[in-house]
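Q: Could you take me through one part of this model closely, and then show me how that part sits within the chain as a whole?

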Amino acid sequence: MLLIEIFKDHVLNRKSLKDYVELRKSINERGEFNDMTLIQAEDNLQRLKREDNAIYELMYKTLQEYIKQNRGHTIEYPINFIREILKLYKNHLSPEQIYKNYKSGLEHPSHDA
């Protein structure tokens, strides 16, 4: 299995990205994110789940919608999802604002590519 497929599986099935970091150490492929970035993403996901479970669920629902409306960027969807998660708790944007921005990509012609 390719590293990107393992990454996609972890993101889509809400598996721990920290486990993914450990797993990919045995695979000789380069990933999209470094270890610390993935650990931060997992921490952000867990914090979002604890502090705003509704937005957490909406983010994953939106990810599923990107996949359902597939416009040929299937490898990019989990990567872009993690990029959005990494924006959490970094600046003045609220989780709701990040969600709305992420969801608005569904209406864009290039579909979050």
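A: Happy to. Helices here are DSSP runs of H or I that are at least four residues long, numbered from the N terminus. With that in hand, let us look closely at threonine 62, which lies in helix H4, residues 53-68. Please keep in mind throughout that this is a predicted model.

Is threonine 62 buried or exposed? Its relative accessibility is 4%, and since buried means under 20% relative accessible area, threonine 62 counts as buried. What does threonine 62 touch, once its neighbours within four places in sequence are set aside? Its contacts are Tyr99, Tyr102, Lys103 and Leu106.

Leucine 2 is placed in the segment before H1.

Now let us step back to the whole chain. Its secondary structure consists of six helices and zero strands, so reading from the N terminus the order is simply α-α-α-α-α-α. Of the contacts that join residues at least 6 apart in sequence, 62% link residues at least 24 apart. Buried residues, the class to which threonine 62 belongs, account for 36% of the 113 residues.

How does the overall size fit the chain length? A compact globule of 113 residues would have a radius of gyration near 13 Å, and the chain's value of 14 Å agrees with that. The C-alpha trace spans about 35 × 30 × 20 Å along its principal axes.

Finally, a word on confidence. The chain has a mean pLDDT of 91, with 96% of its residues at 70 or more. Among the elements, the lowest mean pLDDT is 95, for helix H1 (residues 3-12), and the highest is 97, for helix H3 (residues 35-51).

Definitions and conventions
Residues are numbered from 1 along each chain as its sequence is written. This is a predicted model: local features need pLDDT of at least 70, side-chain atom pairs count only at pLDDT 80 or more; totals for chains, interfaces and linings use all residues. Side-chain values use heavy atoms; hydrogens and water are left out. Helices (H or I, at least four residues) and strands (E, at least two) are DSSP runs, numbered from the N terminus. The radius of gyration is taken over C-alpha atoms; the globule rule is 2.2 Å times the number of residues to the power 0.38. Buried means under 20% relative accessible area, exposed over 50%, partly exposed in between (1.4 Å probe, protein chains only). Contact means heavy atoms within 4.5 Å. pLDDT is the predictor's confidence in each residue, from 0 to 100.
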